[in-house]
Amino acid sequence: MKKKISSVYYVLIMVALNLNFGCSTSNTKKLSEQDVAIEWANMSLFITQYTPSNSPTFASRGFAYIGLTMYESIVNGYTSHQSLAGQLDSLTTLPKPEETADYDWVLSLNAAQADILRNIYVQTSDENKLKIDSLESVIYEQFSQTLSNETAQQSVAYGKAVASAIFEWSKTDGGHRGYLNNFDKEMVHTTRPGSWKPPLFAQSFSHHPLHPHWGKNRTFSKKNRSLPLPTFIPYDTLPESPYYKEFLQVYEKDLTLTQLEKEAAIWWGDDPDVTFTPPGHSFYIATLAIEQKRPPLIECAEVYAKTSIAVADAFIKCWEWKYHFFSERANTFIPKYIDEEWESFWPDPPFPAFPSGHAIQAAAAAAVLEDSFGKQFHFIDKAHEGRKRDDVRDTDFVSREFNSFWEAAQETADSRFYGGIHTPQDNNVGLEEGVKIAKNIIELNWTQTDQ
């Protein structure tokens, strides 16, 4: 158990963490339960963005275990909900609270979030680890003040036990510490017409594709593991063929890009070197919804868990299919068969095209959030507000306004078409499969009425 911190140090930490507090303990605005969930979500986004060697694949996995831990650290305190132990693949059991003990579920969540974040991102900087420690201390200080020492200790110990059990389970999924082997230099792919080739205009200098084995990782939902292969348009170079027309649409769109389309293309790029990655963007949108609606704590945790698990499964299935089809991108097809001087508006990511990772994860997140908050939901995405103008593409980062989660998912998919790095079929199939994946997460028994 951490020692309680002094009131002065408490305020200094809150200022450093940019929490909305006053200048003294007498007029300090206290965190609500919802604020605690939101602050840990924001901390997860920060650590994801500012930890090197990250990737969309690894980040999607991290958010899923963070979201699941938030949910499982408190679910046994609510008769309305139930644990996912026994429902998720190979997660047979998790620690249960003692029937005769008293628990403060905010303290349990707090300790669990700090521990799982430190474990998932063990490679992050010491400075970032101190930020995690500081947030944990701030929340503990506030919510333990009216509790007995025994209750506080039991609550923290339980949260840590849940985080430890989930982290141990995570080690067996195939993606543990995946950032240590982003590119498999020993893997040999058979070259065939229409297969992926490393382009000259790319986000990465690697000539080896990112995480070729990620699709073999364990999915959270058993049903998602057995989803069938999507349909792929057969390779063909004849101008009248459906395959050729896919790339022709990419080429023609590039010739007529509007400023608004350019803004969408760079907004959703979410390069892992400078942002919290595409799955982080979905986690951020979930946070916007929670900030706006402020549901009870258990429902906040449920939303974070559902969204992040759906996105993680979407990435696993997407990468399984990417490396099955191993399909090329426009930057290799168009210069060879349409215009030899053509170059996409946005640089290619270092992996095969079909289906679109942006589309599939955005659709998975949108389907979950629609189920939680409804189809009509107005929000403003300010994720990249204030970022320096992209001088290379002569485009500013302009905040996006949406009236539904699906509208945002559609723009996410379209942005890759505008960028010239995905064909319509990459995006359309990605959106369709993302919804299927999310459905299998939504249909898990989350509440007692789901049985």
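1. Let's start with Ser 241. In this predicted model, Ser 241 sits in the loop that links helix H7 (222-225) to helix H8 (242-255). Is Ser 241 buried or exposed? Its relative accessibility is 5%, and buried means under 20%, so Ser 241 counts as buried.

2. Stay with Ser 241 for a moment and look at its side chain. A polar atom there lies 3.2 Å from the backbone nitrogen of Tyr 244.

3. Next up is Glu 291, which you'll find in helix H10 (residues 277-293). Glu 291 has a relative accessibility of 35%, so it counts as partly exposed.

4. What does Glu 291 touch, once you set aside its neighbours within four places in sequence? Glu 291 is in contact with Ile 38 and Asn 42. Check Asp 35 too: Glu 291 and Asp 35 are 256 residues apart along the chain, yet their C-alpha atoms are separated by 8.2 Å.

5. Now for a pair of helices. H13 (residues 357-373) packs with H15 (residues 424-442) at an angle of about 40°, and their axes are 7 Å apart. With that angle, H13 and H15 are therefore oblique to each other. Their crossing is right-handed.

6. Which residues make this contact? On the H13 side they include Ala 359, Ala 363, Ala 367 and Asp 371. H15 brings, among them, Gly 430, Glu 433, Gly 434 and Ile 442. Sorted by class, the contact of H13 with H15 has 11 nonpolar, three polar and two charged residues.

How values were computed. Residues are numbered from 1 along each chain as its sequence is written. This is a predicted model: local features need pLDDT of at least 70, side-chain atom pairs count only at pLDDT 80 or more; totals for chains, interfaces and linings use all residues. Side-chain values use heavy atoms; hydrogens and water are left out. Axes are lines fitted to C-alpha atoms, for helices over the stretch in contact, and angles run from 0 to 180 degrees between N-to-C directions. Helices (H or I, at least four residues) and strands (E, at least two) are DSSP runs, numbered from the N terminus. Angles under 35 degrees count as roughly parallel, over 145 as roughly antiparallel, 65 to 115 as roughly perpendicular and the rest as oblique. A crossing is left-handed if the near helix is turned anticlockwise from the far one by less than a right angle, and right-handed if clockwise. Contact means heavy atoms within 4.5 Å. Ala, Val, Leu, Ile, Met, Phe, Trp, Tyr, Cys and Pro count as nonpolar, Asp, Glu, Lys and Arg as charged, and the others, Gly among them, as polar. Buried means under 20% relative accessible area, exposed over 50%, partly exposed in between (1.4 Å probe, protein chains only). A polar contact is a pair of N or O atoms within 3.5 Å; within protein, one must be able to donate a hydrogen and the other to accept it, and residues adjacent in sequence count only if both atoms are side-chain atoms.
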